[in-house]
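Please view the sequence and the structure before reading on.

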Amino acid sequence: MELTDEILSAYNLRIADVRMEPIGNGLINATWRINNSHNSYILQKVNHQIFKIPESIASNVRIVADYLRNNYPDYFFISPIQTKNGQEMVHIDHDGYFRLIPFVKNSHTINTVEMPQQAFEAAKKFGEFTRLLSGFPVEKLKITLPDFHNLTLRYRQFSEALENGNKTRLQQSKEYIQFIKEQKNIVDIYESILNNPSFKLRVTHHDTKISNVLFDSQNRGLCVIDLDTLMPGYFISDVGDMIRTYVSPVNEEEKDLSKIEIREAYFKSIWDGYMSEMGNELNAEERRHFIYAGKFMIYMQAIRFLTDHLNNDTYYGAKYEGQNFVRAGNQIALLQKLIEKENTLKNLIKK
Ligand code: GN1
Ligand code: MG
């Protein structure tokens with residue numbers, strides 16, 4: 001992307017004074033680090049093909065920031081920098097929506113979890129975030145992505161792709177399709193959760209991967225970032241994505257499935273970190289679904305990647321032929337390994 005003065009001048013910055021480099025590895029938004037001689041910033045272009053109303057993200061962040069500032073003034077929370085006209089974003093015609101965020105000094109992000117301590121810290125940060133917002137009126141949050149973690153709908157989209165998808169790819173994906181159909185009980189349990197009054201709608205991050213936590217130089221968690229999908233939700237979304245992305249030493253792009261592993265110590269650290277904050281919030285019925293959370297998110301991600309592959313990569317795109325097929329196979333292997341270890345994991349978190 002070309003950085004234009006139209007974007008920067010909204011923040012009283014000038015293109016001639018800054019250096020810019022792309023950072024991050026998100027699949028949806030694009031991110032750059034911008035430096036001038038005094039300061040460092042993060043610039044993000046919000047993908048408005050996906051987030052159709054970017055203003056609703058800005059609104060959510062604003063009301064949550066206000067609540068946290070009023071109730072927990074010491075809590076470290078990063079909001080976008082306002083433009084000189086007091087706006088949270090800049091809209092450039094025919095280009096899109098941009099936001100500027102201050103870069104937190106001495107912070108860094110990581111892309112893979114290499115120590116259980118990192119899993120603990122991240123889980124604690126996400127748990128703390130939900131806990132501090134337990135008194136926040138969750139219905140005030142705007143829905144930035146309708147049906148984002150609606151597994152019933154994801155399964156329906158998968159079924160539609162089985163009818164209308166790319167014929168060659170359907171043929172090639174037979175085994176994966178079969179596996180997904182066999183695990184349909186994961187959808188049934190999700191539907192029972194929707195009807196279970198013990199499950200509470202909470203302020204949910206919905207994208208708890210490790211690169212959405214800032215760490216300090218001692219590997220302590222500083223704060224959570226990327227609030228695009230901040231919406232009312234169930235704890236299984238946040239805990240599930242942590243299990244999905246912290247427990248295996250390799251991520252969803254890995255082609256060598258033998259490298260996928262369920263690292264028990266990392267799973268235990270997610271439990272310890274999350275429960276250190278949410279222990280008094282989650283009831284027995286919710287806790288009973290802690291491992292299910294992992295199954296729910298891994299299964300949903302396998303479905304989403306495979307559906308996209310069958311639909312010719314229209315959502316995630318593909319950097320090489322078959323990338324979403326690889327990702328789906330990776331997530332299926334991860335789910336299989338999680339199911340194999342379920343009893344061992346249960347014993348780890350038994351009180
Ligand atoms: C997308 O853009 P990113 O990487 O933060 C996706 C998540 C998936 C993830 C898989 C809005 O997140 O739901 O889990 O890719 N976000 C959206 O890597 O679809
Ligand atoms: Mg994200």
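A polar side-chain atom of K209 lies 2.6 Å from an oxygen atom of ligand 1. This is a polar contact, meaning a pair of N or O atoms within 3.5 Å; within protein, one atom must be able to donate a hydrogen and the other to accept it, and residues adjacent in sequence count only if both atoms are side-chain atoms. The model is predicted, so to speak of local features needs pLDDT of at least 70, side-chain atom pairs count only at pLDDT 80 or more, and totals for chains, interfaces and linings use all residues. Residues are numbered from 1 along each chain as its sequence is written, chains are lettered from A and ligands numbered from 1 in the order in which they are written, and side-chain values use heavy atoms, with hydrogens and water left out.

| Residue | Atom in the residue | Distance to an oxygen atom of ligand 1 |
|---|---|---|
| I28 | polar backbone atom | 3.0 Å |
| K209 | polar side-chain atom | 2.6 Å |
| R244 | side-chain N or O atom | 3.3 Å |

On its own, ligand 1 has 440 Å² of accessible area, and the protein covers 94% of that. Such areas come from the Shrake-Rupley method with a 1.4 Å probe.

Around ligand 1 there are 14 residues, and the closest are K209, E252, Q301, R304 and Y315. A residue belongs here if one of its heavy atoms lies within 4 Å of the ligand. By class, this shell has 7 nonpolar, 2 polar and 5 charged residues. At least three shell residues come from each of domain 1 (5-102) and domain 2 (116-350).

The next topic is the aromatic rings. The model has 13 aromatic pairs, where rings of Phe, Tyr and Trp (its six-membered ring) pair if their centres lie within 6.5 Å; planes under 30 degrees apart count as stacked, over 60 as edge-to-face and the rest as tilted. One of them is F199 with Y234, edge-to-face, at 6.2 Å centre to centre and 75 degrees between the planes. F199 sits in the loop between α7 (185-194) and β6 (202-204), while Y234 sits in the loop between β9 (231-233) and α8 (235-246), 35 residues apart. F199 counts as buried because its relative accessibility is 6%, and buried means under 20%.

F267 and F290 also form an edge-to-face pair, 6.0 Å centre to centre with 80 degrees between the planes. F267 is buried at 1% relative accessible area, and F290 is buried at 0%. Ring pairs link F199, Y234, F235, F267, W271 and F290 into a cluster.

Key
Ala, Val, Leu, Ile, Met, Phe, Trp, Tyr, Cys and Pro count as nonpolar, Asp, Glu, Lys and Arg as charged, and the others, Gly among them, as polar. Domain bounds come from an automatic or database domain assignment. Helices (H or I, at least four residues) and strands (E, at least two) are DSSP runs, numbered from the N terminus. Buried means under 20% relative accessible area, exposed over 50%, partly exposed in between (1.4 Å probe, protein chains only).
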